[in-house]
Amino acid sequence: MRTKSQSKSKNWHDKVYFGLHYDLHAQKTDTELGLRVTHEMLRKTWEKIKPDWIQCDCKGHSGYTSYPTKVGYPSPGIVRDALRIHREVTEELGIPLVMHYSGIRDDVAMKHHPEWQRINVDGTSESGCACPRSDYVTDMIIPQFIELIDEYDVDGFWVDGDIWATKPCY
């Protein structure tokens, strides 16, 4: 039989309750991403409300990232790397930073790589959704996760939309 302390995980998320979720979903039409984000603004706000963790957007359902990715498709409207500022302030305050990431739903990648699209039972393709058995996972999702870990030292991921966007791929 396991003791209470043995069954408890040592992960940071075991000790948190209140977090903030920034659900941006960057688009091709955005023109000022990160323009008004400053260290001082984030620090002042977070010191006031004292969140246990921050969840910052990095890729929405359109497939565009809100940070300057080298792997995928950054929104052309990125003015300043807001994700870098979020990471720096969360590190200063000792707050974990989690990424909001749209998984299987990705309009822009499916336009560039139609071979990654989900195939329906009738043989038609699903334009905005990837087949999880395609190279999308190994050529886009995993490399972007590695990029976010290596470049921003993020503490976790929340994959958005896969519960409703994932269907059988034939």
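## Reading helix packing and burial

Modeller: Let's start with a pair of helices in this predicted model. The axes of helix α2 (residues 39-49) and helix α3 (residues 82-93) come within 10 Å and cross at roughly 45°.

Colleague: How do I read two packed helices in general?

Modeller: You describe them by the angle between their axes and the distance between those axes. Here, the crossing angle of roughly 45° makes α2 oblique to α3.

Colleague: Okay, and which hand does the crossing of α2 and α3 have, left or right?

Modeller: Right-handed, as α2 passes α3.

Colleague: Which residues of α2 and α3 meet there?

Modeller: From α2 you have H39, L42, R43, W46 and E47. Facing them from α3 are I85, H86, E88, V89, T90, E92 and L93. Sort the residues of this α2 and α3 contact by type and you get five nonpolar, three polar and four charged.

Colleague: What about α3 and helix α5, at what angle do they pack?

Modeller: α3 and α5 (residues 136-152) pack at an angle of about 55°, and their axes are 11 Å apart. So α3 and α5 are oblique to each other. Their crossing is right-handed.

Colleague: And which residues make the contact between α3 and α5?

Modeller: L83, R84 and R87 in α3 meet L148, E151 and Y152 in α5. By type, the contact of α3 with α5 splits into three nonpolar, no polar and three charged residues.

Colleague: Let's switch to strands. Where do the side chains go in a regular strand?

Modeller: They alternate between the two faces of the sheet. Now look at strand β2 (residues 53-59) in this model: seven of its seven residues are buried, so to read it, think of a strand that is mostly covered.

Colleague: How do β1 and β2 run, parallel or antiparallel?

Modeller: Strand β1 (residues 19-21) and β2 run parallel, and three bridges join them. To find your way around the pair, pick out L20, which stands opposite I54 in β2.

Colleague: Can we finish with a single residue? Where does S75 lie?

Modeller: S75 is in the loop between β4 (73-74) and α3.

Colleague: Is S75 buried or exposed, and why?

Modeller: The cut-off for buried is under 20% relative accessible area. S75 has 4% relative accessibility, so S75 counts as buried.

Colleague: What does S75 touch?

Modeller: Leaving out residues up to four places away in sequence, S75 touches A26, Q27, D30, L33, Y64 and T65.

Methods: Residues are numbered from 1 along each chain as its sequence is written. This is a predicted model: local features need pLDDT of at least 70, side-chain atom pairs count only at pLDDT 80 or more; totals for chains, interfaces and linings use all residues. Side-chain values use heavy atoms; hydrogens and water are left out. Axes are lines fitted to C-alpha atoms, for helices over the stretch in contact, and angles run from 0 to 180 degrees between N-to-C directions. Helices (H or I, at least four residues) and strands (E, at least two) are DSSP runs, numbered from the N terminus. Angles under 35 degrees count as roughly parallel, over 145 as roughly antiparallel, 65 to 115 as roughly perpendicular and the rest as oblique. A crossing is left-handed if the near helix is turned anticlockwise from the far one by less than a right angle, and right-handed if clockwise. Contact means heavy atoms within 4.5 Å. Ala, Val, Leu, Ile, Met, Phe, Trp, Tyr, Cys and Pro count as nonpolar, Asp, Glu, Lys and Arg as charged, and the others, Gly among them, as polar. Buried means under 20% relative accessible area, exposed over 50%, partly exposed in between (1.4 Å probe, protein chains only). Two strands pair if DSSP finds at least two bridges between them.
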